[in-house]
Amino acid sequence: MTITGCHRVEDCFDGSSVLEYVFDTPWSREDVLRLRQIGEVDYYPHFPRPFFRLRGHDGGQVKGVQGETTCRVILPGQCKEDAKREFEALFCPDQAGER
Amino acid sequence: MRTVYLNNAATSWPKPPGVAEAMAQAVADMPFHTGRAPARGTDPLRLCRREVARLLDVEDPDRIVLTTNATMALNMAIHGIGLRSGDHVITTVTEHNSVLRPLEHLRLAEGLVVTVVGLDESGAVDEEQFGRALGRGARAVVVNHASNVTGRVNDPLRLFSPARRTGAVTILDASQTLGHVPVKPSELGADMVAFTGHKGLLGPAGTGGLYVAPGLDLEPSIVGGTGVRSDLATQPPDMPTRLEAGTPAIPAFAGLAAALEWRRENAAGFEARTQRAHRLLRSELRRARVRIIDDDAEAPRVGVISILLDGWEVEEAGYILGESFGVICRSGLHCAPLVHHSLGTAPHGTIRLSVSGFTTEEDVARAGAAVRELAA
């Protein structure tokens, strides 16, 4: 699964930013579990369309639904670029940090 | 996965049969503009004025000014009464930003004095606090008929009646009520009633209006072409032209006219179904053991319910209900920021579910099951 697009959804009062990423294929269970490399994953496979949430080591979050080709990434006020680079490296290793 | 639409307080869906067809027909037909060519019997603006006048039980349809939405209508009302520096306006914490922001704009720009009345222990607008504010005199009182966060229907007459005795202009925001509960300006003590076409009236977005009582002369915020009295250098004095400069969205009003005609034929049954769906949903949510905001069973309400779910952030819960369970609702402050301080739901707001007469028992059951799953 590779990132094909990214756009800013909103900037929050606390300094964090919300981005929406678009991928070339839908999120699979394996893709969700891959997020464990960068934080703690809550995964709800029993929901009609399984929801997942990553709580990153750096305070960032990733939220999405298995089967969708998008997800939302909340970058913390601090270490925003580091969190972004770390997430992108998982799904677009060659271009991490260049987007 | 079938989608359950429970966001009717934002905009109603689905629309009644005939609305989309009327809009398409208006686009396909050779164009005409009211007042700018011989008006035909099917002039949608006239139909809308006539149907809304009937709903409001007012005699003269020309007192119904058509706008693009309730926000424009409220701005027209608030800006049109000639408020000046030092004038006092009273409003409530339950208001939408379509009231709060115009008032704040005038407070900052013109030195308006604004009193925002809170809620009493029962969750209703605090009449004692309102009375004290009114004791200082007021040029205008702006009150919403029902909260778009809790669905609670206010009792405008109890506020407007004393306000009128002091000479204040009374403005009712009926965005959440027109089409759901009786809105009769003469019985509610309202000098002006702002409404939207795309919620309880079941019309398309981009439609709304303002009722202006006879004898009340608003200063127009927007002036320009009207198609009539082009010889005048200033805006024509006649209503509704005085407040309707520019070409109207005729296809949108064709859709609203179709919705209003459908409603006239189906209103009683439709509203009974709305209230039934509301009761069923409230019952389902109580079973889910979520926190229902302002769950006073005695209070009159439109079909809007706000909840909080332990263990889930508001935004996240709304996202999951929509994306994982196909239950479309809305989360956040709902453009009514002040009421959340009174309800204890600031700063993140609530998850709001809102029904219509098209909401089925199966829809409600599926929404209840989804919320129970999250609350487990």
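Contact here means heavy atoms within 4.5 Å. This is a predicted model, where local features need pLDDT of at least 70, side-chain atom pairs count only at pLDDT 80 or more, and totals for chains, interfaces and linings use all residues. Residues are numbered from 1 along each chain as its sequence is written, chains are lettered from A and ligands numbered from 1 in the order in which they are written, and side-chain values use heavy atoms, with hydrogens and water left out.

**Exercise 1.** Find where B:Arg282 sits, and say whether B:Arg282 is buried or exposed.

*Solution.*
- Step 1: look in chain B for helix α8, residues 250-287; B:Arg282 is part of that helix. Helices are DSSP runs (H or I, at least four residues) and strands are too (E, at least two), numbered from the N terminus.
- Step 2: check the relative accessible area, which is 7%, so B:Arg282 is buried. The cut-offs are under 20% for buried, over 50% for exposed and partly exposed in between (1.4 Å probe, protein chains only).
- Step 3: skip residues up to four places away in sequence and list what B:Arg282 touches: B:Thr150, B:Ile292, B:Asp294, B:Asp295, B:Arg301, B:Val304 and B:Ile305.

**Exercise 2.** Work out which backbone oxygen the side chain of B:Ser324 reaches.

*Solution.*
- Step 1: go to the loop of chain B between α9 (314-323) and β11 (327-328), where B:Ser324 lies.
- Step 2: B:Ser324 counts as buried because its relative accessibility is 0%.
- Step 3: beyond its neighbours within four places in sequence, B:Ser324 is in contact with residues including A:Phe47, A:Pro48, A:Arg49, B:Met1 and B:Tyr319.
- Step 4: the backbone oxygen belongs to A:Arg49, and the side chain of B:Ser324 gets to it at 2.6 Å.

**Exercise 3.** Describe the largest cavity and the second largest cavity.

*Solution.*
- Step 1: a cavity is a set of points on a 1 Å grid over the protein atoms alone where a 1.4 Å probe fits but cannot get out, and lining residues have an atom within 4 Å of a point.
- Step 2: the largest cavity comes to about 100 Å³, a volume being the space filled by probe spheres set on the points, with grid points joined across faces, edges and corners.
- Step 3: its lining has 14 residues, with B:Asn8, B:Ala9, B:Gln176, B:His180 and B:Val355 nearest the centre.
- Step 4: the second largest cavity has about 80 Å³. It is lined by 13 residues, and A:Leu54, A:Asp58, A:Gly60, A:Ala83 and A:Phe87 are the closest to its centre.
- Step 5: α2(A) gives the most to this second lining, 4 residues.

How values were computed:
Polar contact = N/O pair within 3.5 Å; in protein donor to acceptor, adjacent residues only side chain to side chain. 1 Å grid on protein atoms, 1.4 Å probe; cavity = no way out; pocket = protein on both sides within 12 Å on 5 of 7 lines; lining within 4 Å.
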